[in-house]
Amino acid sequence: MVVNTEVLLRAWRERWSPLQWLVEVKKLAGKDREELQDLAECLVQQATFGSTPSSLILSYLNHGITTKVIPCSSALIAVQQFQNLIKHKCLSALLDLLLSFIPTISCPETNEECLRLAVSLVKVIYWLLIVVTRLLKLCIESLCRSGGGDVPFHLSNVGKCNKAFGHLMGTVAYRALVIVGKMEDQAAASELDRHLQALLKDLVMTQPEVVIPEIQLHCKELMVNFNRLQTLNSSFGSDISPGHVPNMAVQMTTQCQVLVSPSFTPDQVADVMDSIMHTQNISRHHLYLEFLRSSIVGLLEAPEKSMETIIWTGFLFLKASQYHTDWVPIVIHLLESRSQLSVQLQASPGEHSTVHSAFNQLLQFGPLLDDVDIKLRCNCYKEVVLQYCKGLNQETTERMEQLICQRQKMLSADHREVQELLESQTALNHPAHQVQDADNRIQEIISALESDLSSRDEKFLAPLLNLEKFRWMTVAAASVGKLPNLIRGLVKVNDQTVHAATDMEDVKRGNIRGELFNTSFLLLCHIGQVYGRKVILDVVKTRTPTPFVVEWISRYIPDIEKWRAFIPDTQLQSTKQAAVNELLDQFFSNSAFPASQVNWDEHCVNVANAMHHVMKACQWESKAVTPDRDELEKLFELLKYEAPALAVCACSWCCGHIHTLTAEERKHPKGLVSFLLRPVNPKGFPQGFVDRCSMLLEVMERMSLSVEGKGNTLDGGNPISVGKPVLQSLTKLFMDVVKVRCLGSKKIEQFRYILTVGGKEWFIYSLIKEVMKFSRHDEMIRAADVASSLLMFDAEGLVPCLLQQVLPLIVNHADAETILGDPKGWALARMTAHAVCLGLNIELTRSKQDSSDEGVERPAKIKRLEGSSSCIQQALVRLCEDFIAIIKSTEVGPVPALLVSFLQQAAAGTGGNVGPLSGYIPQDLVTEILELSPSLQGTPEVLLGLCNMKTTEGRQLCAKALCNNF
């Protein structure tokens, strides 16, 4: 600094030209680049020392920047250190200098300097807004005190600051560098952000009573620029034109939340919907509208009095709109809060305007609202809006209530019959209030389950056995995040009743224990079938040993996203032939099961072996050893009446055994299952017993749904015609969905059935073939979106299969050059990119529950497993390695273009929740991809998605690639 000052003073006295000064500086500095780093700061300080700037010294700075002797990052840092705004001439000269060299910034030589440039851009961006804020306050103070003589000078500098800000934020590469810089120096960025917000609040507080139009205009522009900077944290989604509306991907994703992931908490649903908004590039307003409309359509399509109807009702009235001030903000509130600034500088009259706009547009679907009002016997629109308004301020609530009035006027004017129907219904006799009532009672039930069981009788769980009430209760619990508490209580009851508490258990206590075990077993199986076994396994994953009921469910109840209703495992575990013989004797003795000293876990394990013996006996041709029909009926009635848990275990084994048999061999086993599924005659039995039998039949019917060849496999009918290829059925179904632009729950179930029959690899390959049959651009988009959404049936199984098995087959096909030519290659890239983004999001969302367990010390081995890569991540890495190997041998053509298109669409589709693709692709692979595909360096949003912003090396790589665009 001393050398720089001495040379500068001599140059100023002798009036050296910029060239003379630069030659002398380079002589003195030699190869010491550190001396040149401080040069810009020295020049700015000396140029602005007086009240007027030194144009000669500023010419030295400009020449140094132009000749790259002074790094642009050093010049930017030096400019933003100027704080004496009263020297408006000096400030004006620095802004002129800034405007002159910003458009001509060149790429630095090293990665480190590129990253330093990114950090300096962050500081300059904030400095420009801070200067504008301070200048506007000076203008207001000047007008109030002295008539505003210096206001024109301040406003002139405000205009220059806005121009510089606009140029920096208007250039995609500069904006991307600002994001990189904020990630590199988060502490400095946070401090600058806090400082700017404090100044903005102060400016808002000092607004004069008399509005000054010019200053008011600049204040509005300042707020707009501040919003642009605040929303620059994750992606450029706001700069991308909205996607197709109505959007089938949103509709299908909403459907899958009910059919595949009903146990998701509102926070998890919001994560998935946020991801679909990014992949589809649709506006937040359209996302809300499609989300609400899809929920209503799904509710209308659900069969009357079914579990699906109840889940949709809970989804609409609890997850889709409700706001719990003492629990979790629900989906739309979460999505809306993510779009808001971290600080509100002043009250906005347009608060929640996006949601208001969506609700307002929903009114246009009058017939749809009428139908759902009739089905649920209530004004659904009113209920949803009122639920959303809970916890909002009065002004926003009043604006929302105006929409309710509009809906009421529509009913009064054009839909009198619907209005009369609603008025005739009792106030509390509709599903909206039922699910809310269940929500209110759920905590009481959970507290009772967690209490001491020693004083409980056999009727303790009877209220939960009413199938409809328990459905409402589980939906309410799942909607507000209390399902794990309910499961934990039921597991506790079951675990404490597996074995006798003492060696001297009497008959009465044994009966109570048996009732509690069987009831809790049924309830947990029902929860596992509806919400997936994972929600049960997660609750007790830290317990050792694992409770028996959880072990059984983990073995025989599949996850809900799997396409079978049972696990085809026919292994006979027990080696205790004496225990099997005891069960067989019990089966054919026509007497009640012994009450005391029963080990229910042993019976549940051995019943499969006993059923195997019964099934073999049924297959003998000799009638002398074959149980007759009446005897079999009595056997299965005994199981259903006395030990429903054993009936469930028997049904599970029978379904798995049938799966292994040929069509001819299935006759007798399916006959046994039909005996189990025969309804119980309720006449003469108490209501509690009838409720338990209804719950039992519900569990067994769900378990047997996907046994191939079963006549009533689907409510909507079997999509596979006898004598016709399965592919033909898939083609017809897929074409209908794409052309009609609608996919209901029945068609989703038909797709799942075809997946069950064809298997993963065939299903994915067939979907790709269907996508590539289209030629029109809009149809290809819809087809690719439908295909990628269908893979969410089992994201952790189907997406890795796409990446590891199906895509390599296509890419390495002999006719790949023809098959993958655009637009077909582009459509395949879209399908793959969206499937990967949504799959990664779902994996991440499901892992949140694992990471939320605090204070539990895990073994080191389990910790290593938890930190390992996900299935989709591993498959993605291998796919990229395969692509790189192909590109090295074929630098141009459809296959390299497929990789570029895939990465571009995947990077654009990853939102703040999923994070960049680099979080899943190793750094060395990213570097190699960028070297082999230079075109990717010209797309900043792809670079931000590919490069790992969590590491210095990743940020340097991204900054260097961005600077190469200059």
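A: A crossing is called left-handed if the near helix is turned anticlockwise from the far one by less than a right angle, and right-handed if clockwise. Helices (H or I, at least four residues) and strands (E, at least two) are DSSP runs, numbered from the N terminus. In this structure the crossing of H4 and H5 is left-handed.
The model is predicted: local features need pLDDT of at least 70, side-chain atom pairs count only at pLDDT 80 or more, and totals for chains, interfaces and linings use all residues. Residues are numbered from 1 along each chain as its sequence is written, and side-chain values use heavy atoms, with hydrogens and water left out.

Q: At what angle do helix H4 and helix H5 pack?
A: Axes are lines fitted to C-alpha atoms, for helices over the stretch in contact, and angles run from 0 to 180 degrees between N-to-C directions. Helix H4 (residues 39–47) and helix H5 (residues 55–66) pack at about 160°, and their axes are 8 Å apart. H4 is therefore roughly antiparallel to H5 (angles under 35 degrees count as roughly parallel, over 145 as roughly antiparallel, 65 to 115 as roughly perpendicular and the rest as oblique).

Q: Which residues make the contact between H4 and H5?
A: Contact means heavy atoms within 4.5 Å. H4 contributes Ala 40, Leu 43, Val 44, Gln 46 and Ala 47, while H5 contributes Ile 57, Leu 58, Tyr 60 and Leu 61. By class, eight of these residues are nonpolar, one is polar and none is charged (Ala, Val, Leu, Ile, Met, Phe, Trp, Tyr, Cys and Pro count as nonpolar, Asp, Glu, Lys and Arg as charged, and the others, Gly among them, as polar).

Q: Is Leu 56 buried or exposed?
A: Buried means under 20% relative accessible area, exposed over 50%, and partly exposed in between (1.4 Å probe, protein chains only). Leu 56, which lies in helix H5, is buried, with a relative accessible area of 18%. Leaving aside neighbours within four places in sequence, Leu 56 is in contact with Ala 11, Trp 12, Arg 15 and Trp 16. The C-alpha atoms of Leu 56 and Pro 18 are separated by 8.1 Å, although the two are 38 residues apart along the chain.

Q: How many residues of helix H19 are buried?
A: Eight of the 11 residues of H19 (residues 366–376) are buried, so the helix is largely enclosed by the rest of the structure. Among them are Gly 366, Leu 368, Asp 370 and Lys 375.

Q: What backbone features deserve attention?
A: Most residues other than glycine have a negative phi, and most peptide bonds are trans. Arg 377, in the loop between H19 and helix H20 (380–389), has a positive phi near 60°. Arg 377 is partly exposed, at 26% relative accessible area. Arg 741 likewise has a positive phi, near 60°, and is found in the loop between helix H35 (726–740) and helix H36 (745–758). Its relative accessibility of 47% makes Arg 741 partly exposed.
As for peptide bonds, the one from Thr 544 to Pro 545 is cis, with omega near -5°; Pro 545 lies in the loop between helix H27 (533–539) and helix H28 (548–556). Another cis bond joins Asp 822 and Pro 823, with omega about 10°.

Q: How many helices and strands does the chain have?
A: The chain has 47 helices and zero strands. Of its 966 residues, 55% are buried.
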